[in-house]
Amino acid sequence: MTSVTSIENLAQHASETVELAGWMHSKTGKGKLQFVHMRDGTGFVQCVVKRGAVPDELFDGLADAGQESSLRLIGEVRADPRAPGGFELVVSGGEMIQSAHDYPITPKEHGADFLLSRRHLWLRSKRQWAVMRVRDAVITSIRRFFDERGFACVDSPMFTPSACEGTSNLFELDYFEDQKAYLTQSGQLYAEASAMALGKIYCFGPTFRAEKSKTRRHLTEFWMLEPEMAFADLDDVCALAEDLICRIVKDVLERRQPELAVLERDLSKLECVEGKFPRITYEEASKILLEHPDSNFVAGEDFGAPDETILSERYNQPVMITRYPKAVKSFYMKEDPEDPTKVLCVDMIAPEGVGEIIGGSQREEDLGTLVAEIERHGLPQAEFEWYLDLRRYGSVPHGGFGLGLERTVGWICGLEHVREAAPFPRMMGRIRP
Ligand code: 4AD
Ligand code: MG
């Protein structure tokens with residue numbers, strides 16, 4: 001038997017006979033000719049089946065089979081410029097594996113709730129497949145980028161005894177013998193400890209926020225990439241964030257053209273993401289918003305989603321906003337030596353209304369200042385003693401950021417809602433399937 005070929009590799013097998021294993025995405029034709037649109041997880045290809053050219057049993061099996069039936073097909077790879085992907089399979093044999101009927105997701109329009117409730121099947125549809133393939137390429141790109149730059153991957157725990165990003169959106173759970181634990185909101189504090197041990201590190205894993213907001217940007221479980229560097233300042237953090245985003249976009253453009261085509265993504269919006277990104281301070285951004293007729297921004301407060309959209313619309317690249325007021329940011333951010341009301345932080349806002357994809361900062365390295373901030377934020381100092389040790393023993397300037405994977409994938413794919421960027425999205429009101 002020929003070894004199974006992937007649809008994405010068909011170009012390497014032009015005019016050869018190959019075997020494909022996959023599912024029947026759709027089917028047209030009647031009488032003596034059937035066109036089976038087959039998918040195998042790596043791509044989609046049209047398979048031409050003619051009565052007489054294949055055993056009758058196979059022809060009849062295909063004629064009876066419904067959408068998502070599983071099958072193997074053997075045939076010759078024929079170049080056809082009209083076919084999506086440039087090739088089709090002229091079938092000479094094969095077998096039905098399971099003949100399926102009444103697949104619930106049909107080519108007609110379904111509502112979001114219907115589809116989300118069938119996410120385990122919806123993932124097979126062409127658009128969702130394309131999004132997951134882009135997500136995969138983004139993850140690979142991230143890991144390659146950091147590996148090439150000498151960052152070690154050191155992961156942070158998911159169970160934590162304290163908050164990192166404020167106490168209002170913590171998931172609390174029972175952790176043996178009357179102890180409370182929380183699902184991590186960010187691996188950062190542990191990433192800082194790892195950076196003091198290994199220099200340049202990143203952690204990459206799931207994070208949790210009990211977000212009571214139903215917006216196009218919020219999940220309750222999402223993946224966060226968090227690099228952390230010893231001996232780094234805010235400029236180093238900004239430069240790393242910029243380089244990373246350029247690399248991710250470049251890699252996706254190189255490796256996922258067919259998927260971006262399925263998503264009908266306007267590539268010109270991605271091709272311009274290179275080089276240096278615009279950088280403005282919070283004060284400069286505030287001025288823009290205060291003068292903008294459509295903004296409800298209040299001076300000194302954090303930017304809301306509509307504010308971020310107004311700001312991002314001014315640029316065709318992601319914009320980096322630095323030095324926010326201390327009052328709206330987390331306890332660990334380093335005070336701006338030029339203005340003690342500000343912190344040395346950066347938010348990267350993606351174009352097209354996606355909002356913040358990266359949040360980061362230089363960290364407070366001074367023990368006394370950090371203790372005061374922990375107290376000012378009403379956090380229990382006892383739980384942070386281990387974290388304070390990082391300032392007691394060989395404290396150095398350091399910094400890093402967190403990149404939201406789903407928001408980044410959502411932006412690159414041009415998705416309306418971040419939920420489609422997660423294989424099994426968790427949101428307020430949805431933990432199934
Ligand atoms: O800005 P955030 O809250 O930063 C931190 O947690 C830092 N401790 C990271 C660090 O410096 N190591 O979150 C980082 C990113 C956001 O920019 C956003 O992309 C994403 O995580 N994010 C969410 N994505 C989906 N759903 C949510 N509810 C999110 N909250 C944050
Ligand atoms: Mg943030």
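This is a predicted model: local features need pLDDT of at least 70, side-chain atom pairs count only at pLDDT 80 or more; totals for chains, interfaces and linings use all residues.
The rings of Trp386 and Tyr387 were examined as a pair. A pair of aromatic rings is described by the distance of the centres and the angle of the planes. For Trp386 and Tyr387 the centres are 5.8 Å apart and the planes stand at 70 degrees, so the arrangement is edge-to-face; an angle over 60 degrees is required for that class. Both residues belong to one aromatic cluster, which is formed together with Tyr190, Phe331, Tyr332 and Phe384. The count of aromatic pairs comes to 17.

Arginine side chains were also found over aromatic rings. Arg391 lies over the face of Tyr387, 4.3 Å from the ring centre. The charged end of Arg118 sits over the ring of Phe114, at 3.7 Å from its centre.

A further arginine, Arg217, is located in the loop between β10 (200-208) and β11 (221-230). Its relative accessible area is 10%, so Arg217 is buried. A polar atom of the Arg217 side chain lies 3.2 Å from the backbone oxygen of Val354. When neighbours within four places in sequence are left aside, Arg217 is in contact with Gly353, Val354 and Gly355, and also with Ala305, Glu308, Thr309, Arg407 and Val418.

Note on methods: Residues are numbered from 1 along each chain as its sequence is written. Chains are lettered from A and ligands numbered from 1 in the order in which they are written. Side-chain values use heavy atoms; hydrogens and water are left out. Helices (H or I, at least four residues) and strands (E, at least two) are DSSP runs, numbered from the N terminus. Buried means under 20% relative accessible area, exposed over 50%, partly exposed in between (1.4 Å probe, protein chains only). A polar contact is a pair of N or O atoms within 3.5 Å; within protein, one must be able to donate a hydrogen and the other to accept it, and residues adjacent in sequence count only if both atoms are side-chain atoms. Contact means heavy atoms within 4.5 Å. Rings of Phe, Tyr and Trp (its six-membered ring) pair if their centres lie within 6.5 Å; planes under 30 degrees apart count as stacked, over 60 as edge-to-face and the rest as tilted. A charge sits over a ring if NZ of Lys or CZ of Arg is within 6 Å of the ring centre and within 35 degrees of the ring normal.
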